[in-house]
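Here is a friendly briefing to read alongside the model. Please keep the 3D view open as you go through the points.

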Amino acid sequence: MKNSKFLKFSAFDLMSGYSKGEFIVSDVIETVLEYIEINERNLNALITPMYEEARSRAWMLDAALARGEDLGPLFGVPVVIKDNITTDGVRTTCGSRMLENWIPLQCPCCKMLRTSWSRGDRQGQHG
């Protein structure tokens, strides 16, 4: 793994590195996704992996960083949301076959997370 150092960084370390231009969100996300893909085979912990969505969000945050926008308190910090927490427009099963096709439309938790990721990221703040 090319940049495994990111896996040991705290949220503070990530924010500091982004602010100083030492690395970008896409680099961190690619490292985290590679780690997940390697270990998920044995863990089977993710019910609905969202790799492409994570990459897309990282690119959006990189663009916000390049524009000099205000960084939210969790800007660029990778997050995994447990499947029993509703997520906007994403299958949320709560580990139950009865809910295997349930896709909630609105989630206050997701809205707060998006706001924390980037104060300037208005596109992702609906929901």
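The notes below cover confidence, overall fold, aromatic pairs, salt bridges and a few surface features.

This is a predicted model, in which local features need pLDDT of at least 70 and side-chain atom pairs count only at pLDDT 80 or more, while totals for chains, interfaces and linings use all residues. Residues are numbered from 1 along each chain as its sequence is written, and side-chain values use heavy atoms, with hydrogens and water left out.

**Confidence**

- The mean pLDDT (the predictor's confidence in each residue, from 0 to 100) of the chain is 83, and 88% of the residues reach 70 or more.
- Over residues 120-127 pLDDT stays under 50, and the model has 17 contacts beyond four places in sequence for that stretch; a contact means heavy atoms within 4.5 Å.
- Where pLDDT is low, the predicted coordinates should not be read in detail.

**Overall fold**

- The elements run α-α-α-α from the N terminus on; helices (H or I, at least four residues) and strands (E, at least two) are DSSP runs, numbered from the N terminus.
- Of the 127 residues in the chain, 35% are buried. Buried means under 20% relative accessible area, exposed means over 50%, and partly exposed is in between (1.4 Å probe, protein chains only).
- Among contacts between residues at least 6 apart in sequence, 56% join residues at least 24 apart.
- The chain has an accessible surface of about 8100 Å², and 55% of that belongs to carbon and sulfur atoms. Accessible areas come from the Shrake-Rupley method with a 1.4 Å probe, and for residues only the protein chains shown count as cover.

**Aromatic pairs**

- Rings of Phe, Tyr and Trp (its six-membered ring) pair if their centres lie within 6.5 Å; planes under 30 degrees apart count as stacked, over 60 as edge-to-face and the rest as tilted.
- One of the pairs is Phe-6 with Phe-9, edge-to-face at 5.7 Å centre to centre and 80 degrees between the planes. Phe-6 counts as buried because its relative accessibility is 6%, whereas Phe-9 counts as partly exposed at 28%.
- Tyr-18 and Phe-75 also form an edge-to-face pair, with 5.7 Å centre to centre and 80 degrees between the planes. This pair links distant parts of the chain, 57 residues apart: Tyr-18 is in helix H1 (residues 11-20), and Phe-75 is in the loop between H3 and H4.
- Tyr-18 and Phe-75 are both buried.
- Ring pairs join Phe-6, Phe-9, Tyr-18, Phe-23 and Phe-75 into a cluster.

**Salt bridges**

- Arg-55 and Glu-30 form a salt bridge, with their closest N and O atoms 2.6 Å apart. The pair links distant parts of the chain, Arg-55 in helix H3 and Glu-30 in helix H2, 25 residues apart.
- Arg-55 is buried at 15% relative accessibility, while Glu-30 is partly exposed at 34%.
- Glu-52 forms a salt bridge with Arg-55 too, the closest N and O atoms being 2.8 Å apart. Both residues lie in helix H3, three residues apart, about one turn of the helix.
- Glu-52 is exposed, because its relative accessible area is 52%.
- Together, Glu-30, Glu-52 and Arg-55 are linked in a network of salt bridges.
- Arg-67 forms a salt bridge with Glu-69, and their closest N and O atoms are 2.6 Å apart. Arg-67 is exposed at 54% relative accessible area, and Glu-69 is partly exposed at 23%.

**Surface and backbone details**

- Val-79, Ile-81 and Ile-85 make up a nonpolar surface patch, with about 190 Å² of accessible area together. Patches are made of residues with over 30% relative accessible area and no salt bridge: like charges are joined within 9 Å, nonpolar side chains (Val, Leu, Ile, Met, Phe, Trp, Tyr) within 5 Å.
- Ile-81 sits in the loop between helix H3 (51-66) and helix H4 (108-117), and counts as partly exposed at 31% relative accessibility.
- Asn-44 has a positive phi of about 50 degrees although it is not a glycine. Asn-44 lies in the loop between helix H2 (25-43) and H3, and is exposed with a relative accessible area of 64%.

Conventions. Salt bridge = Lys/Arg side-chain N within 4 Å of Asp/Glu carboxyl O.
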